[in-house]
Every structure is written in C-alpha cells, then in structure tokens.
Amino acid sequence: MATFANRDPQACVYDSFRSTIAQLLVDSLSTKLTLEQAYDGVDYGKKGEDFTVALPRFRLSGKVEDLGKKVIDKAASVVASVSQDRAFLHFRLKSDVVAKGVLQQVSGSLFLHPKVLSTLTDIDTFSYGKNKSGEGKRIIIEYSSPNIAKSFHVGHLRSTIIGAFLANLYKACGWDVISMNYLGDWGTQFGLIATGFSKYGSQEELEKDAIKHLFDVYVKVNADAKDNPQVKADAAAWFKRMEDGEEDALKHWREWRELSIKKYKEEYARLNVSFDVYTGESEVSNEYMESALKRLEEKGIIEASYGAKLVDLEKHKLGKAVVRKKDGTSIYLTRDIGGAEQRYDKYKFDKMIYVISAQQDLHMAQFTKVMQLLEYPWAKDIQHVNYGLVLGMSTRKGTVVFLDQIIKEAGNVMHEQMMKNEEKYRGVENPEYTSQELGITGVKIQDMTAKRINNYTFTWDRMTSFEGDTGPYLQYAHVRLSSIARKNPDLLPLPPTDSIDVTLLVSTDDLAAQHARAIIFLLGTYPDVVRTALQSQEPSGVVTFCFRLSHAISTAWETVIVKGEKNRDKAVARLWMYECAREVLAAAMRLLGLRPLDRM
Ligand code: ARG
C-alpha cells in the first residue's frame with residue numbers, strides 16, 4: 001500500500017521514486033496540490049511502464065492535455081521518459097538508477113536517495129521486504145484450533161495455512177506476534193470417551209498415536225450411546241464431574257490432551273507451523289464467563305427461556321443466541337466471550353485475530369457484537385478473518401479424517417509423479433524429503449492462490465504438476481535460481497556491490513536488458529506486496545507476486561545468461577541480479593510458510 005502516510009524509503013526504494021514524481025507533479029501542476037495528494041496518485045504502471053498517474057483524480061482546473069504537457073516539460077531531469085495517453089501520464093525511471101537502487105536495497109545496503117537522506121533516522125539494516133509499521137504492538141493470532149478426539153477437517157487445514165501466513169506477515173511488519181492454538185478440548189465428548197475407554201481404550205495405542213486412538217474410541221462409544229441411553233447418561237455425569245473440577249474425572253482427560261498436543265506438534269512441524277501458546281476451551285475460566293454474563297444482564301440484553309439464558313441480538317439482525325444452558329454448563333459462544341477478556345488481561349493485545357471458516361460467520365458476528373455491547377474498549381481490536389470451503393479433498397483411501405493423512409498423501413502423490421521421470425529422479429538427493437516438501441507446497445499454494453473467501457475444489461492433479469501456477473513450479477523456480485551460484489563458482493564471491501556495473505545489465509538496447517529490467521522492477525515492488533497483504537490480510541497477492549517473479553525469471557533464462565557470457569563484468573552483474581531474485585523469491589515463499597528448496 002503506497003500511501004504518503006506509510007511511506008518508508010528505507011524499506012522500499014520505490015517510495016523515494018514516488019516522492020520524486022510527486023514532487024515533480026506539485027512543482028509543475030499547481031501549488032494547490034499537496035505532496036501528499038500527489039504521492040497517493042502515483043500508481044504502478046502497466047506493461048513496461050514504471051508508474052502511472054491518472055490526472056483527473058487531482059481535480060485541477062484545465063484540460064488534461066495541458067496539465068500533462070506542463071509535467072512533461074519539467075520531467076526530463078527527473079525520469080528517463082514520460083508519455084501521455086489521454087488522462088494518464090506514464091513514467092519510466094532511469095534503468096540504471098532503478099537497478100542500482102533495488103539491488104542495493106535487496107542486498108541489505110541502504111539506499112541513499114538525495115530526497116530521503118534528510119529523513120533517515122534509523123539506519124540499522126533489516127531484511128528486504130520487512131517493515132516496522134507494527135513496532136511496539138502486540139497481536140494474538142488464533143488459528144488451526146482442531147477438536148481433540150474429532151476429525152481434523154480441511155477447514156482446520158485452511159485455518160492452519162492462512163493463520164501461519166498471517167503470523168509470518170505480522171512479524172515481518174514488526175508486530176509482536178503470539179500464535180495461539182485454541183483446542184476444542186472440552187465438552188461432553190470427553191465424558192463419552194471416558195465412559196468408553198475401559199471397553200475400547202488401550203494405553204499402548206494411546207501413546208502411539210493419541211489423535212487417532214481417541215478418535216476411534218469416540219466413534220465406537222458414540223455408536224453405543226445411540227442405542228443405549230445409559231451410556232449417554234454416564235457420559236453426561238462424567239462430564240459434569242469434569243466441569244465441577246473433580247480431579248479423579250480430570251486425570252485421564254489431562255493425559256489425552258497432552259498426548260494429543262504432542263502428536264499435533266509433530267504434524268505442525270512438518271507443515272512448518274508452530275504455536276507460542278496451546279490453550280483451549282477448557283482453559284476459559286468460569287469467573288470470566290460469569291462476569292461477562294452478569295454484565296450482559298445489567299445491560300438488559302439477556303432473557304430467560306425455559307431455564308436457559310439467551311442474549312438478544314435481534315436489533316442487530318443477529319438473532320438470539322444461547323449463552324447458558326439449562327443444566328448450567330457452558331457453551332462455545334460463552335467460552336469465546338469469557339475467553340476474550342481473559343486473553344486481554346493476560347496479554348494486553350493491541351489486536352486479536354481469529355482465523356475461522358466462514359461457516360462460523362454468524363457465531364463470530366454474535367461474539368464480536370456481544371463484545372462491543374459489553375463496551376470493552378478493546379472490542380474494536382477483535383477481528384474475524386474468514387475463508388471459504390475446500391471441496392473434494394480426500395485421499396485415495398477415502399475421506400480425510402486426520403492431518404497426517406493429508407501430509408502423507410501429498411508426499412506420496414508427489415513421489416509417484418517424480419518417479420515418472422526416471423532420469424531426473426535418480427539425480428534427486430533425498431527423494432523422501434523432497435517429495436514431502438513439494439507435496440506440502442502444492443497443498444498450501446492451492447489453498448492460498450485465490451481470495452480467502454472463495455470456495456475451491458481441491459485436486460491432486462493440479463498441485464503435482466511442475467507446469468502452470470503450482471507449488472512445485474515455484475519450488476522449481478527457486479531451485480533453478482539456487483543452481484546459478486553453484487554453477488559459477490569462479491564469479492564468487494561477488495565484488496562489493498558499489499563496484500558492480502549495472503549499466504551492463506539494463507542499459508543496453510537489447511532483449512536481455514529488457515528482461516533483466518522487468519525482473520528488477522518486480523523485485524522493487526516486494527515491500528509493497530507485503531504492505532498490501534497486511535491491509536487485505538490475504539495471502540493471494542503474495543502468491544501472485546511469486547508467480548510473476550518466477551515467470552519473469554523463466555522468460556529471461558535463455559537470454560540473460562551467466563555461464564557462457566564472455567564479458568565477465570556483465571556476468572557478475574547478472575549473477576548479482578539472480579542472487580537478489582533468489583533472496584526475494586525465498587523471502588516471499590517463507591512468508592507463505594513454505595520452505596524453499598535448493599535442490600530437487
Ligand atoms: N474448535 C473449533 C472448531 O473446530 C474452532 C475454534 C475456533 N476458535 C474460536 N475461538 N471459536 O469448530
């Protein structure tokens with residue numbers, strides 16, 4: 001998001017170019033135009049143009065033709081060229097200035113544009129693409145949040161993928177991020193499992209794979225409960241004892257929970273995901289729920305109904321919702337209400353995000369509305385980040401119930417695909433690891449390609465292909481970039497970047513220079529890609545950036561050669577560019593939660 005308010009030339013060299021163009025507009029058009037307005041009107045250009053300005057947006061008097069001419073007359077000293085197409089002005093910056101500026105910034109050097117020199121305050125370097133807009137602020141991002149002893153469905157997988165991305169993104173923007181997993185670890189199903197465990201449970205199985213075993217026990221005893229009311233009654237009684245805090249009834253539950261978390265941690269690690277905090281519905285304290293209910297009663301928005309309590313949100317078109325059951329046990333919504341204040345007291349967050357499927361939109365709307373009605377000043381800082389359904393994800397053995405089935409299947413499908421090319425396959429160093437990573441990349445990319453809210457149909461074919469915009473294609477692009485340094489050891493280490501002659505790279509009048517410039521221009525947009533992603537909380541823009549960069553590299557590959565280039569200085573400049581491209585592609589991939597591969 002390139003706005004005047006959040007411009008940050010230290011992090012994004014284009015911010016200084018935009019400032020330059022904005023200044024030019026102010027100087028040539030009108031003193032009524034502020035630098036700020038001008039700056040916000042400088043957009044990225046399409047197809048070969050660097051920046052474009054739509055003149056009408058400034059609402060200045062005079063014809064656009066005349067306004068444009070005024071700018072063009074003054075532009076020569078600042079930009080390489082400017083052209084007018086009706087109401088639009090298209091600017092092209094000087095190629096060597098762009099190249100030097102962008103590549104230096106990627107390489108971690110500070111770009112000292114004369115326009116920004118005086119505004120520099122903090123001169124420490126930080127990795128390219130990051131910014132400090134969130135410094136001093138803390139965010140809780142709650143995501144994944146599966147239910148113990150129930151299935152881990154694709155909705156949970158999406159929450160995991162999108163949530164991990166958001167955690168990376170907020171970190172990249174300087175926030176203090178707390179990744180939180182809010183387990184469904186409470187409720188009558190634990191009474192059921194306790195009832196069935198003596199009949200169906202096995203300590204050995206439990207320790208081997210708690211997630212699977214508890215699920216199995218749950219399925220069996222649940223079937224029993226359908227025919228036998230006694231089982232149901234026993235389960236309810238057991239859960240009541242748990243709610244009353246009887247240590248005897250809690251002991252087993254505690255072990256199940258711990259072993260499940262242990263197993264989850266292993267699986268998350270394979271997905272390159274980790275949490276700072278494992279909490280769960282069981283950890284929401286009664287005091288917080290009680291006090292929230294009391295406050296709701298004081299505000300007169302609670303009504304009694306057959307012994308239960310409802311909160312009335314009809315006025316807000318959100319219906320009525322139960323907050324207290326007849327038997328006094330708590331429910332999901334009430335736990336979210338009480339839990340939010342408990343979290344605030346503990347973490348004093350500046351923002352809290354819940355990454356939960358759009359299927360729970362009503363629940364989340366009710367929850368956030370209640371928080372507002374309770375007039376907590378921080379209620380406005382709570383946000384639901386939602387997403388659509390995944391259709392058709394199943395393994396060849398059937399429906400997916402566990403996360404590790406998805407991970408395994410992704411690896412297997414990819415492995416088979418790789419074996420189809422025998423010759424290439426023989427060259428792969430660690431096929432198990434590689435196919436696993438490629439598989440996971442495929443799943444994640446497929447998930448993050450479109451806007452979150454869209455439903456999509458998952459297919460294994462679409463993710464295993466090395467062609468088209470797939471995860472493996474991205475990994476392949478990165479592997480290819482990694483190979484350049486390996487293949488050109490004689491050019492390494494690169495000389496000090498100041499002494500690299502970028503005119504050899506971009507200022508000649510040939511196809512190679514055009515391709516190189518296109519790559520470099522894209523690299524320069526990356527800090528903006530990150531800022532835009534933060535605004536929209538969408539991974540899709542980052543995915544699009546990765547593919548655009550990969551395409552630009554693939555287009556350049558045959559022309560912008562390093563090995564075989566006779567002019568050594570030119571080869572060095574190109575290698576520098578490819579190294580920068582690798583850095584940026586890897587950074588973007590890591591932001592998406594991927595592990596970039598160096599070989600495959
Ligand atoms: N465990 C819940 C489920 O699987 C998701 C929890 C979402 N988080 C929340 N604070 N309500 O549906």
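The structure is a predicted model, in which local features require a pLDDT of at least 70 and side-chain atom pairs count only at pLDDT 80 or more, while totals for chains, interfaces and linings use all residues. Residues are numbered from 1 along each chain as its sequence is written.

The protein chain contains 23 helices and 16 strands; helices (H or I, at least four residues) and strands (E, at least two) are DSSP runs, numbered from the N terminus. Along the principal axes, its C-alpha atoms fill a box of roughly 85 × 65 × 40 Å. Of the 600 residues in the chain, 42% are buried. A residue is termed buried if 20 or more other C-beta atoms lie within 10 Å of its own, exposed if 12 or fewer, and partly exposed in between, with C-beta atoms placed from the backbone. Two residues are in contact if their C-beta atoms, placed from the backbone, lie within 7 Å. Among contacts between residues at least 6 apart in sequence, 73% join residues at least 24 apart.

The chain is divided into domain 1 (13-93), domain 2 (138-285 + 331-397) and domain 3 (403-592), with bounds that come from an automatic or database domain assignment. The C-alpha centres of domain 2 and domain 3 are 36 Å apart, and 25 residues of domain 2 are in contact with 25 residues of domain 3. On the side of domain 2 that touches domain 3, the elements giving two or more residues are helix 6 (154-172), helix 11 (247-270) and strand 13 (390-391). Helix 6 gives the most to this side, with 9 residues. The residues on this side of domain 2 comprise 17 nonpolar, 5 polar and 3 charged; here Ala, Val, Leu, Ile, Met, Phe, Trp, Tyr, Cys and Pro count as nonpolar, Asp, Glu, Lys and Arg as charged, and the others, Gly among them, as polar.

A nonpolar core is a set of buried Ala, Val, Leu, Ile, Met, Phe, Trp, Tyr and Cys residues joined through C-beta atoms within 7 Å. The largest such core has 160 residues, and those with the most contacts inside it are Ile-141, Ile-520, Met-577, Ala-581, Val-584 and Ala-588. Helix 23 (residues 568-591) gives the most to this core, with 14 residues. When neighbours within four places in sequence are left aside, Met-577 is in contact with Leu-103, Leu-505, Ala-516, Ile-519 and Ile-520.

Helix 10 (residues 229-243) has 15 residues and reaches 21 Å from its first C-alpha to its last, close to the 21 Å expected at 1.5 Å a residue; the expected span is 1.5 Å times one less than the number of residues. Its buried residues are Ala-235, Trp-238, Phe-239, Met-242 and Glu-243. These residues fall within an arc of 145 degrees when seen down the axis of helix 10, so they line one face of the helix; the arc is that of the directions from the helix axis to the C-beta atoms. The buried residues pack against helix 7 (188-200), helix 9 (210-227) and helix 11. On the other side of helix 10, Pro-229 and Gln-230 are exposed. Just after the helix, Gly-245 takes a positive phi of about 80 degrees.

In helix 14 (residues 361-373), the 13 residues should span 18 Å at 1.5 Å a residue, which agrees with the 18 Å between its end C-alpha atoms. Met-364, Gln-366, Phe-367, Val-370 and Met-371 are buried in helix 14. They cover an arc of only 160 degrees around the axis and therefore lie on the same side of helix 14. The partners against which they pack are strand 9 (308-312), strand 10 (320-324), helix 13 (332-347), strand 11 (351-355) and strand 12 (382-385). Glu-375, whose phi is positive, near 60 degrees, follows helix 14.

Asn-272, in the loop between helix 11 and strand 7 (277-280), has a positive phi of about 65 degrees although it is not a glycine. Asn-272 counts as partly exposed because it has 17 C-beta neighbours inside 10 Å. The peptide bond from Leu-492 to Pro-493 is cis, with omega near -5 degrees.
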